[in-house]
Amino acid sequence: MQLLIRISRLGLALATTLTLLVAQNVTAQVSRDTPFYVDSINYDPNIPRPETVIGHPLGHRIARNDLLVQYLRIIAELTPRITVETMAYTHEGRPILALTITSPENHARIDTIKAAHVALSDPTSRQEVDNDMPIITWLNYGVHGAEVSSTDSSMAVAYHLAAAEGDEIEATLQQSVIILIAVFNPDGNSRMSAWNHMHGGYVPVSNPSHRLHNTFWPGGRTNHYWFDLNRQWLIIQHPGPRGWVAKFHEWKPNITVDYHEMGQNSTYYFHPGAPNRTFPYIPDRSMELLDQVSDRARSWLDSEQRLYFNEENYDNYYIGKGSTYPHMHASMGMLFEQASSEGFLDTPHGVLSFRDNIRTQYRTSLEMIRAGVEMREELLQYQRDFSSESFQLIDEDAIKGYIFSAPGDKARAYHAIDILNRHQIQVNRLEQDITVDNIEFTADSSYLVLADQAQYRMVKALFEKITNFEDNTFYDVSAWTLPLAFDFDYASLGSRDIRGNVVGEIITAKFPSESAPARADFAYMFSWSNYYAPKAVYRLLNAGVRPKFANKPVTIDTANGPVDLDRGGILVPLGWQGGDLMDSEIHDLLSVIAREDGIEVHAINSGHTPSIGMDLGSPNFTNITKPKVLLLVGNGITAYDAGEVWHQLDARMNMPVHMYDKRQIASLDLTEYTHLELVGGSHADLTTQIDQINGWVRSGGTLVGIRQGAQWAHDNVLYRGSNSDEQEQDNELERFDYSNKDGIEAESIIGGAIFEGDLDITHPIGYGMANRPIASHRNTLIAFERPENPWATVIQISDNPLLSGFASTENQAVLAGKASVIAERHGQGSVILFSDNPNFRAYFFGTNKLFMNSLFFSKGFDRSR
Ligand SMILES: [Zn+2]
């Protein structure tokens, strides 16, 4: 604290003389006076260096994000080479800057350059590569906020490009447009920077056990909701990624470089990755060209006698990563991974210094810019060929498109169309009802995605199920099939299917606001199948209204005729049974729900319905209690899982989430909460709290377990002491050659695949879902023997369960027939177990509904008699 006050008081001029954390006492290799910037180049003295704004030389501390932003804005003011814009604001309100860096002459015709460049990717355009076209090189920094040499090197690169003088830089800027993004994840980076500032001292400490080098929960890698943003290029559910993807398509860069850090005990990695682990829709030519791009980085690292590696560990399979998404768009996605230092650190490869790491990332950035200039014509021509080739691929493909629908849930369809549109994929309305593969698709709720479009490869990547692989090792998930994640009815289309009057107009994603309901005399109802129905119900509960849900299908009379509502239909009574509000206030609230939550609300004028045995006062309507959700967080908890719960409730459903550190649970009064969320992670430390949690459930609480949290609740609360019949162990001892270890072990991993189960849609935890087959995301082998209670298995894993992605036949056989979701009453309370992850990456809009049901309908079912 004292330190920061001093910096601001002394002003920027003195800041450069501060020598905090300088490596006076570390080894010669690091403290050698390697010039940071390129020593053969003159730099314009009118452009300030980063240290004059951030308060310390690069590498002495992690730069504060607000000062980094300030620095980049200042130099953009001072040079005609740079323009700056705010591409997006994060959840925490930090700007993500996009710098456009090129010669002043190019800036003067930037829109013309952009239009001609983007036209190269349009198969219907006649644009060809010409000599005037600059190469577009895109540099990403800091998608992982804890990977700080990436973030801080952005300032060195921007400084260099702003201040370097001479023929080489002039030529480079004439032949390139450089898009520099700083930084992708300023929220996570700010957590990391605060930690570094808190623990940094005047004397550097390189001991790896030092608190500075041991990161806090949840660390700085992730964004505000603890999501890994480097998985969001495909999923785009956060403001930052929405900004990047829009910018990416605005420019369609030829080289896209993503800067990272990896574990401390490593060297330096860069793409190309493991060759057998490339997504099938990425052309071989892309990898060949990428290898040439890498040569620039290789020769620089050789000249510096620096250890590095390529072609192993990392890959280009999951296309939602910043270095793989570009390969789906004719761009050389390049990944750099620098061993992390977080200050000064002893490692088996010698002492790492933060300054040196920043310098390495900065210098390889220059090499990527150089590669762009040297390969300019080749890469632009590749971009052109890539798009022309798509015509041929479309011709050869028997599949001419896909059709999908979400009957009764326009918002879920909206979110899918929104993702598709952000990837520049065209979506058409269905003109007339059709039946494909015995599935009926109605024109009012179905959409077409045709193969014949510029983004053909992306269409295939999002809709195709893949279950055969050249290599069974995956750096990330092996499946992300969109219609499965959204639980759509869907089918692929042959040319016969789209003949005649089938393909309607092109549409764009528009949130499905509904008009206000008619004024009711007696009650309102709406369907639970709407994605935002839980948000609406929470609004009602929060306002003091008393909504109920239907345990049977019901037909209601409305001014527009009879309407059928499936199980889970929400009833909002009026009059004294409606709660604290006046009837007119309830009407107003339901009008807001129709407009903002996209829900069609029905007005009802009598308590008697056309359904036999299902009048509005029927005992088959159950009151809903307002959920008050406690989420355990902190050490041992998987931050991704916890963040997904937080995001789902807070950002989407507008519900408060009460977070509490797991280590302090003993001091907590659980009776204040209705639901306890225990997500993935290691929970051995909860053994001492079994009685506390069990007692709370027995007296009425609901324990919701996800992944390892479900396993813990299963073993320690729900079926504690019962003889779970252990799988017979196969006692035959095997022996393998050690060199096969990686491959054989990879077989046993489910790195993220989509499995099919049979969902009991008549169970309250299955309400709102139209069909029994359900796809869910699985990345563990956790699943349960079916419980004795025959009504408790909400989802049973199918016999041939693999829908998309990789899982070995052995693992599929182990999982087949088991329970993946269990719901049981336990004393006065309930325990609901999700062995899969229903909220995975904010992408599984289908299974989100089951998770929401565990909050609203957790007392809606009875025990076995
Ligand atoms: Zn990273």
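Predicted model: local features only at pLDDT ≥ 70, side-chain atom pairs only at ≥ 80, totals over all residues.

Guide: Residues are numbered from 1 along each chain as its sequence is written, and side-chain values use heavy atoms, with hydrogens and water left out.

Visitor: Which spacing do the donors of the zinc ion follow along the chain?

Guide: Donors are N, O and S atoms within 2.8 Å of the metal (3.2 Å for Na, K and Ca); water is not among the atoms, so sites may look incomplete. At 2.0 to 2.6 Å, the zinc ion is coordinated by His 144 (ND1), Glu 147 (OE), Glu 147 (OE) and His 260 (ND1). Along the chain, the spacing of these donors is H-x2-E-x112-H.

Visitor: Is Asn 848 buried or exposed?

Guide: Buried means under 20% relative accessible area, exposed over 50%, and partly exposed in between (1.4 Å probe, protein chains only). Asn 848 has 0% relative accessibility and therefore counts as buried.

Visitor: With which side chain does the side chain of Asn 848 make a polar contact?

Guide: A polar contact is a pair of N or O atoms within 3.5 Å; within protein, one must be able to donate a hydrogen and the other to accept it, and residues adjacent in sequence count only if both atoms are side-chain atoms. Leaving aside neighbours within four places in sequence, Asn 848 is in contact (heavy atoms within 4.5 Å) with Tyr 531, Gln 648, Arg 652, Pro 838 and Asn 839. The polar contact, at 3.0 Å, is with the side chain of Asn 839.
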